[in-house]
Amino acid sequence: MRPVAAAPQPAPSPSPSHDEDNPWHTGAACCRDEAGLFFAPSKEPTAARLAREEQAKRVCARCPVLLECREHALVQPEPYGVWGGLTAAERRVVLARRRRRDVELREAARVPAARRIAG
């Protein structure tokens with residue numbers, strides 16, 4: 001049995017500024033929707049999961065804090081649910097790409113330094 005993830009924290013109406021008193025999620029479109037839309041019930045059939053995820057992504061698409069939400073889910077990382085318009089599987093792909101890019105950038109930075117020392 002998979003653990004049940006906590007739903008995004010409900011918040012009051014949207015606010016244009018985001019700080020400690022007004023975190024980014026206060027402006028999230030999902031705060032007005034049912035949390036079950038963003039998190040899978042146990043033993044959800046594949047077709048139902050895909051339909052639910054698409055519906056959640058439509059909510060995310062009109063969200064003013066989509067990028068903040070997505071980055072939160074990637075940094076945490078959030079293991080379940082639709083966050084910032086991405087499913088958990090899609091976020092794992094993004095994180096893997098970021099790790100590969102970071103490795104490539106570190107390796108690229110070392111090559112010129114090694115050439116300067118040798119030359």
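Predicted model: local features only at pLDDT ≥ 70, side-chain atom pairs only at ≥ 80, totals over all residues.
Trainee: Understood. Which residues does Leu66 touch, leaving aside those up to four places away in sequence?

Mentor: Leu66 touches Cys60, Ala61, Gly84 and Gly85.

Trainee: And which helix holds Leu66?

Mentor: Leu66 lies in helix H2, which covers residues 66–75.

Trainee: What separates the C-alpha atoms of Leu66 and Gly85?

Mentor: These C-alpha atoms are separated by 7.0 Å, while Leu66 and Gly85 are 19 residues apart along the chain.

Trainee: Is Leu66 buried or exposed?

Mentor: Leu66 counts as buried because its relative accessibility is 19%, and the cut-off for buried is under 20%.

Trainee: Let me change topic. How many salt bridges does the structure hold?

Mentor: The structure holds six salt bridges. In one of them, the side chains of Glu44 and Arg52 meet, at 2.9 Å from N to O.

Trainee: Why can such side chains pair at all?

Mentor: Side chains of opposite charge can pair when their charged atoms come close.

Trainee: Are Glu44 and Arg52 buried or exposed?

Mentor: Glu44 counts as buried, at 18% relative accessibility. Arg52 is buried too, with a relative accessible area of 10%.

Trainee: What about Lys57: with which residue does it form a salt bridge?

Mentor: Lys57 forms a salt bridge with Glu54, and their closest N and O atoms are 4.0 Å apart. Because the two residues are three apart in helix H1, about one helical turn separates Lys57 and Glu54. Lys57 counts as buried at 18% relative accessibility, whereas Glu54, at 42%, counts as partly exposed.

Trainee: Which residue pairs with Asp102 in a salt bridge?

Mentor: Arg101 does, with the closest N and O atoms 3.2 Å apart. Asp102 is partly exposed, with a relative accessible area of 31%, and Arg101 is partly exposed at 43%.

Trainee: Turning to confidence, what is the mean pLDDT of the protein?

Mentor: The mean pLDDT is 81, and 74% of the residues reach 70 or more.

Methods. Residues numbered from 1 in each chain as written. Heavy atoms only, no water. pLDDT = per-residue confidence, 0-100. Helix = DSSP H or I, 4+ residues; strand = E, 2+ residues; numbered from the N terminus. Buried < 20%, exposed > 50% of the residue type's maximum accessible area, 1.4 Å probe, protein only. Contact = heavy atoms within 4.5 Å.
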